[in-house]
Amino acid sequence: MSTRHAVISGASIAGLSAAFWLRRTGWDVTVLERAEAFRDGGQNVDVRGVAREVLTRMGLTEAVRAQNTTEAGTVFVDERGRVLAELPSGGPDGGATAELEILRGDFARTIFEHLPDGVEVAYGETISAVEEGGGEVTVTTAAGRRLRADLLVIAEGVRSSTRDRLFGDLVDRRELGVTMVFGTIPRTDADDDRWRWYTTVGGRQVHLRPDNHGTTRAILSAARTADLARLGRAEALRRVRQLFGDVGWEAPRVLDAFDSAEDVYVDDLTQIRMPAWHRGRVCLAGDAAWCVTPMGGGGASLALTSGYVLAACLSTAEPEEALAAYEDWMRPLVDDVQHLPRWIVPIAYPRTRAGLRLRRLGDKVFTSRLFAPVAAKFTTVAATERPLPPLAVPSSPGE
């Protein structure tokens, strides 16, 4: 019996998790990544819920723990940096700051460096065409390379072009009306080991988070802004400076640092919702299938879990049945974090002084000891009492 072959498009957390587990269960795996080299960097992600068990089964818990961002908690601050409220923490999933808190690039690299032998990762490769027939899928890259496979996994992220080409009629994009600008800035003596979160009028927020590389991760976030993500860097930063010029606190420092930062990234938050994540021998994983956005949270945990669940289902059933089982198992976890209440953006991003006072009062109540159990539910993601699907592993790869 010939070894089954999977092509995976996208070499971040979802794609690499799928590569890890499919290879572990005996598949030949080719990963295509559009970037010219491995993509380091990125903001904080975490490992929560059932994803912790997946990480344990990969043998990577201590490797991830060693890359911890050093963040020890989360506080809301005012325009002078004074702490107004602190989110409760504790337990393996903590509060807003989890026990296993890591930068996206560090997390992906940890998986990448522990991929089983036999996984091919090809950089600078994009998919130009996909053909199906005879129980297989043929992938043609922009460079003219043709790959025949038993499965294509699309893990290209929220704005996946391959997904749109093959599943465009099923893609429901839900704009949340929030823009986030991410970047890495120099660390100062005033920075500490907490996520400091400042909210002010006009629907604007400033976030500073410590990292384990001697720098600080910064986010400028605003509601109901113009579409900044489609602008060029210079024009986007000019608009962001106009928007945040009067915000105060650490905003001037962040704006100045973003002018020269190499990794500034603008994102208009968009959820992806789809009634199905597979057709034939093609399936979706991670943000390409169900982007939950940073407001929903848990994207990295869902991505990591999806790779295991996909491989486990394929290890015990034929593809058609297996892909349906993969969707059935993952769907409740995704639905749990995708259904954001309609009031979440207006409350999180107040526009007026009265709204800001109400928000700060709510923060104090929400973070009080009395409401700690309620607050904990808002940071609970990828949680399930169902056991992970069984994984059938051959005695050696390729059997």
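Tutor: Ala, Val, Leu, Ile, Met, Phe, Trp, Tyr, Cys and Pro count as nonpolar, Asp, Glu, Lys and Arg as charged, and the others, Gly among them, as polar. This is a predicted model, in which local features need pLDDT of at least 70 and side-chain atom pairs count only at pLDDT 80 or more, while totals for chains, interfaces and linings use all residues. Residues are numbered from 1 along each chain as its sequence is written, and side-chain values use heavy atoms, with hydrogens and water left out. By class, the second largest pocket is lined by 6 nonpolar, 3 polar and 4 charged residues.

Student: What makes a residue part of the lining of this pocket?

Tutor: A lining residue has an atom within 4 Å of a point of the pocket, which is an open set on a 1 Å grid, reached by a 1.4 Å probe, with protein on both sides within 12 Å along at least five of seven lines. The second largest pocket has 13 such residues, and L176, R273, L340, P341 and R342 lie nearest its centre.

Student: Why is W249 called buried?

Tutor: Its relative accessible area is 16%, and buried means under 20%, exposed over 50% and partly exposed in between, with a 1.4 Å probe and protein chains only; W249 is therefore buried. T70, at 42%, is partly exposed.

Student: What makes the phi of W249 and of T70 worth a remark?

Tutor: Most residues other than glycine have a negative phi. Phi is positive in W249, near 45°, and in T70, about 85°. W249 is found in the loop between α6 (233-244) and α7 (251-260), helices being DSSP runs of H or I with at least four residues, strands runs of E with at least two, numbered from the N terminus.

Student: How do you know that the buried residues of α2 line one face of the helix?

Tutor: In α2 (residues 50-58), V50, A51, V54, L55 and M58 are buried. Down the axis they fall within an arc of 150°, taken from the directions from the helix axis to the C-beta atoms, so they line one face. They pack, with heavy atoms within 4.5 Å, against helices including α1 (13-24) and α11 (319-338).
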